[in-house]
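The stops below go from one selection to the next.

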Amino acid sequence: MDRETMQYRTVLQELKTRAEPDAPKVIEGYFAVFGSETELWEGAYEEIAPEAFDNALGDDVRALINHDTTLVLGRTKASTLELTADSHGLFARIIINEKDTDAMNLYERVQRGDVNQCSFGFDILREETEWREDGSVKWIIREVKLYEVSVCTFPAYRDTEVQARSAEYEEMKKRKLEIWKQKQKARIKNGTESINAE
């Protein structure tokens, strides 16, 4: 998989708003869920390991609207975005700037339930590939570099991510087949040498 291209993943858990007297308005929720298997296509799955964000929480991460870098809702460096990882996943709390019309409009849309899902942008630093007996494959993402979390209207795996995973899968299948062929040739050769030795 192209590690130079930022990846995006979706979470289908609803975001919530919170507004208390004398406290800032916030949008909060889980932007990543651990141990939840996502089907990319039939026979191909992906899962985020609980330790995936352990080294990423100290990074300078932005909260965006629909992955648009011109629509910044918050930032960890400015303490307007708070990120924590627990046993369930990556939890984000975005403090809304009430003087920002884009942020306030989004806050109202989330409050009404018109916009309620999220996604995150990252690079894969470490992952494992698990080939199953039924022929399916699963990638377990073990470590990421996190760049952003986004509140999204239509969160979904982007076609580019699925295509990249699919290309990686095909390449891995070819390599596995090549290794199998080499082992078979070696077995046959060793068997022939044993017969000739007799």
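Strands here are DSSP runs of E with at least two residues, and they are numbered from the N terminus. This is a predicted model, in which local features need pLDDT of at least 70, side-chain atom pairs count only at pLDDT 80 or more, and totals for chains, interfaces and linings use all residues. Residues are numbered from 1 along each chain as its sequence is written, and side-chain values use heavy atoms, without hydrogens and water.

Next, select residues 81–85, which are strand β8; this strand pairs with β9 in the antiparallel sense over five bridges. Two strands count as paired if DSSP finds at least two bridges between them. A hairpin of three residues joins β8 to β9.

How many residues of β9 are buried? Six of its seven are, where buried means under 20% relative accessible area, exposed over 50%, and partly exposed in between (1.4 Å probe, protein chains only).

Then show the side chains of Y30 and F91. The whole structure has five aromatic pairs; rings of Phe, Tyr and Trp (its six-membered ring) pair if their centres lie within 6.5 Å, and planes under 30 degrees apart count as stacked, over 60 as edge-to-face and the rest as tilted. Y30 and F91 form an edge-to-face pair, 5.1 Å centre to centre with 70 degrees between the planes. Y30 lies in β3 and F91 in β9, so the pair ties together parts 61 residues apart in sequence. Y30 is buried at 19% relative accessible area, whereas F91 is partly exposed at 23%.

Terms used: Helices (H or I, at least four residues) and strands (E, at least two) are DSSP runs, numbered from the N terminus.
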